[in-house]
Amino acid sequence: MTTAGSDAFVEMTEEVEPGREPLLLERVGARILLRGRVRVPEQEDPIHVLNPEERRGLRRLVRGAVLRASLAGVANAVVTGLGELYALRLLGHRPEHATLEQWARYWGVFGVLAVLFAIAEIAYLYWDALRAVRKMSAVAGLELGSGENADVALALARAALELPNSPEATLGVDPRREASRFALGTASLVYKLKISVTNFLFRALVTRALGRMAARGYLAFTAIPINAAWNALVCWSVLREARIRVMGKSAALEMLDAAFLDEPEPSRDLVNTIHQALGSAVVRTSDLHPNHAALIRAFRARFGMPAPDLPIDRPERFLEALPRLSRQERRVALRVLSAAAILDGKVVRAERELLVEAERVAGVGSGLAHVEKLRRAFVAGDPIPWEDLRHTGHGNESG
């Protein structure tokens, strides 16, 4: 990576998440993405709008990455299975009567081999994901080597390495303010256990179908289809999220332009209410998505920081402030709130509830179907006409 790119990366990291030291994997991943330059074809359309050539290139890229991830899972399962068969010889002809010493030798061989093979597979998957994400950004027209996109590189590194977004309060917003700690912990545990549980259930099924003696020679290889399927699914999910992050910054800027087309110089009350709207969107998703951060930074760069004593991450305060705006200002605030709902690629239940309540207090009929339509268009890389986004601030007005 160039010196300028390295300096930009450090500065951008401090700006995006002041006071938080990025994890080692984040730093390494971002530096790999920023290293050197990948040829980015010239294009006339914005980065978040995918033309037919870009779509074809992305489909080829995703298919290749998913295939390689599946083959890596197969390879790991095969060599681990062979290692288990070798280690089983240490238990003798009747493993059910093996001594403690025999079991210790078995795990000393098989356990070490399994850990080494797993580390090798994970290292390869991470490396290949970073390579695929770097190519993806180039296909979409995003130049990661430029200093202005160092923040996107950090977000893409997290996506490629399956690292969660920081739960810490950032940009004045605590994303976990309304989150259930128990629910978050349970979700994390389920995620970590899913492959192990699937393998266990599949082994049990094979044993029941073939019988204990017949299955003994096959059990070592039952992880082959499971590993291949999970790797393919995870790789597809990683690249889908990476594509959303590649497009997010460009889309955020254009959505702001559309939202403020007829309100180029907003009042201070409107600016503060939109600060609250953006913070509320983050709180309701319990996650500060990089695209949300890009939208917040773009809004602050254009219209200034929120008032020092303004609570921007309390949805109830936003809902209290919204009705006090003029009718036109309420429209603008709802457009920006809708943009925030669209930009992370999903609209969770708590976020839908916020949209419905905001529309109610603003005197606008429910436009969830329209927001969902725009979300699908953004995720697909389709153009979002300005009038379609501006329509989210109208609906069936009642006040």
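**Overall make-up**

How many helices and how many strands does the protein chain have? The protein chain has 15 helices and zero strands; helices (H or I, at least four residues) and strands (E, at least two) are DSSP runs, numbered from the N terminus. This is a predicted model, in which local features need pLDDT of at least 70 and side-chain atom pairs count only at pLDDT 80 or more, while totals for chains, interfaces and linings use all residues. Residues are numbered from 1 along each chain as its sequence is written, and side-chain values use heavy atoms, with hydrogens and water left out.

Of the 399 residues in the protein chain, 49% are buried. Buried means under 20% relative accessible area, exposed means over 50%, and partly exposed is in between (1.4 Å probe, protein chains only). The accessible surface of the protein chain comes to about 19,700 Å², an area computed by the Shrake-Rupley method with a 1.4 Å probe; for residues, only the protein chains shown count as cover. Carbon and sulfur atoms hold 60% of that surface. Among contacts (heavy atoms within 4.5 Å) with a separation of 6 or more, 80% link residues 24 or more positions apart.

**Confidence**

The average pLDDT of the protein chain is 81, and 77% of the residues score at least 70. pLDDT is the predictor's confidence in each residue, from 0 to 100. Over residues 1–10 the pLDDT is below 50, and this stretch has 16 contacts in the model beyond near neighbours in sequence. Residues 12–16 also have pLDDT under 50. For residues 12–16 the model has 13 contacts beyond four places in sequence.

**Helix pairs**

Two packed helices are described by the angle between their axes and the distance between the axes. Here axes are lines fitted to C-alpha atoms, for helices over the stretch in contact, and angles run from 0 to 180 degrees between N-to-C directions. Helix H3 (residues 52–88) and helix H4 (residues 100–140) have axes that come within 9 Å and cross at roughly 175°. H3 and H4 are therefore roughly antiparallel; angles over 145 degrees count as roughly antiparallel, under 35 as roughly parallel, 65 to 115 as roughly perpendicular and the rest as oblique. The contact of H3 with H4 has 23 nonpolar, five polar and seven charged residues. In this scheme Ala, Val, Leu, Ile, Met, Phe, Trp, Tyr, Cys and Pro count as nonpolar, Asp, Glu, Lys and Arg as charged, and the others, Gly among them, as polar.

The axes of H9 and helix H10 (residues 290–303) come within 11 Å and cross at roughly 170°, which makes H9 roughly antiparallel to H10. On the H9 side, the residues that meet H10 are Arg268, Val271, Ile274, His275, Leu278, Val282 and Thr285. Their partners in H10 are His292, Leu295, Ile296, Phe299, Arg300 and Phe303. By class, this contact of H9 with H10 divides into eight nonpolar, three polar and two charged residues.

Asn272 is found in helix H9 (residues 268–285) and counts as buried at 13% relative accessibility. Not counting residues up to four places away in sequence, Asn272 touches Pro306, Ala307 and Leu310. Ala277 also lies in helix H9 and is buried, with a relative accessible area of 0%. Beyond four places in sequence, Ala277 is in contact with Phe318 and Leu337. Ala277 and Ala333 are 56 residues apart in sequence, with their C-alpha atoms 7.3 Å apart.

Asp313 lies in the loop between H10 and helix H11 (315–321). Asp313 has a relative accessible area of 5% and is therefore buried. From Asp313 to Ala281 the C-alpha distance is 8.4 Å, across 32 residues in sequence. Arg390 lies in helix H15 (residues 386–391) and counts as buried at 11% relative accessibility. Leaving aside neighbours within four places in sequence, Arg390 is in contact with Ala258, Leu261, Asp262 and Arg335. The C-alpha atoms of Arg390 and Ser338, 52 residues apart along the chain, are separated by 9.6 Å.

Most residues other than glycine have a negative phi. Glu162, in the loop between helix H5 (150–160) and helix H6 (181–210), has a positive phi of about 55° although it is not a glycine. Glu162 counts as partly exposed, at 37% relative accessibility. Leu171 is placed in the loop between H5 and H6 and has a positive phi of about 55°. At 14% relative accessibility, Leu171 counts as buried.
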